[in-house]
Amino acid sequence: MKKMLWMAAALAGLWCGAMEVLEDDIATRVVLFPIQEATLAAPVESRVASIGFKEGESFEIDEVLLELDDLTFRQRVDRLSAAVNHSELDVQVAEEGMARAERLRNNAGGTLISEAEYDKAKLELSNSRSRLVAAQAELAVAERELADCRVRAPFSGRLIKWLINPHEYVRTGQPLVALLDDTKVLAAMHLASHIRPGLKIGDEVVIAVDDLPERSFTGGVYEIGGNIDAASRTFELKVLLDNPDGELIAGMAGRLVTRFAAPEARTP
């Protein structure tokens with residue numbers, strides 16, 4: 001069995017640029033994970049109007065993945081827009097009334113307007129401005145909810161699974177779709193604890209993937225596990241790999257090719 005492993009190591013060395021491979025490295029298995037993933041939930045309550053992508057398809061950031069029926073939300077925006085316009089007119093009228101009250105108060109020693117009438121004009125201006133601010137806030141919420149009827153991709157990536165069906169009625173917070181970002185992938189592995197002191201973020205690492213046997217992939221150390229497992233005496237290492245063509249898929253497995261030197265042998 002050991003002989004077979006060494007033969008495999010020799011073959012790997014040929015197609016990986018004659019890189020030296022240790023027996024321990026061959027035993028180090030690697031699993032690929034997306035750099036990020038998310039499950040999007042319904043931001044508003046409505047009926048699913050249309051779905052823009054099939055499972056497994058790629059999308060770009062900010063593309064519309066799903067549309068919810070927005071009729072009710074458009075009607076609410078129209079109604080609140082009219083309310084804002086009305087409030088703006090009220091403020092204009094109140095400002096004119098306040099200006100008139102100021103003129104009357106400043107002429108003839110203030111005898112042309114009573115203190116009560118002046119205070120009434122001042123209060124009306126304050127109230128009209130408050131109503132305008134409230135109407136504008138309601139309109140902003142309504143416009144946000146209308147925009148939320150188009151569920152957009154928070155990052156570029158791939159659609160994993162729809163959690164709803166077209167024409168279903170969804171409630172706020174209900175999961176809609178699972179996504180992942182595979183423009184970059186993380187290769188996760190566990191290494192012997194004696195290797196950890198010699199590693200640093202950014203160190204170059206070469207990975208071989210089982211499903212792509214004629215290729216090797218080079219990335220940089222992304223995360224170094226903060227603890228060592230007491231039972232196995234290993235720590236987790238994650239390597240970041242660029243994946244512009246999407247050929248690396250989350251869930252693929254492979255092995256570590258790079259030979260890590262002992263800490264004392266590393267060049268400062």
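**View 1. The whole protein chain, inside and out.** Of the 268 residues in the protein chain, 37% are buried, a word used here for under 20% relative accessible area, with exposed meaning over 50% and partly exposed in between (1.4 Å probe, protein chains only). Please keep in mind that this is a predicted model, in which local features need pLDDT of at least 70, side-chain atom pairs count only at pLDDT 80 or more, and totals for chains, interfaces and linings use all residues. Residues are numbered from 1 along each chain as its sequence is written, and side-chain values use heavy atoms, leaving out hydrogens and water.

**View 2. An open sheet of four strands.** Here the strands follow the order β5-β4-β2-β7, with antiparallel pairing; two strands pair if DSSP finds at least two bridges between them. At the edges are β5 (150-152) and β7 (169-170), each pairing on one side only. Two bridges join β7 to strand β2 (residues 46-51) in the antiparallel sense. Look for Ser46, whose bridge partner in β7 is Val170.

**View 3. A close look at Asp70.** This residue sits in the loop between β4 (64-68) and α3 (71-106). Asp70 has a relative accessible area of 13%, so it counts as buried. Leaving aside residues up to four places away in sequence, Asp70 touches Leu146, Cys149 and Arg150, where contact means heavy atoms within 4.5 Å.
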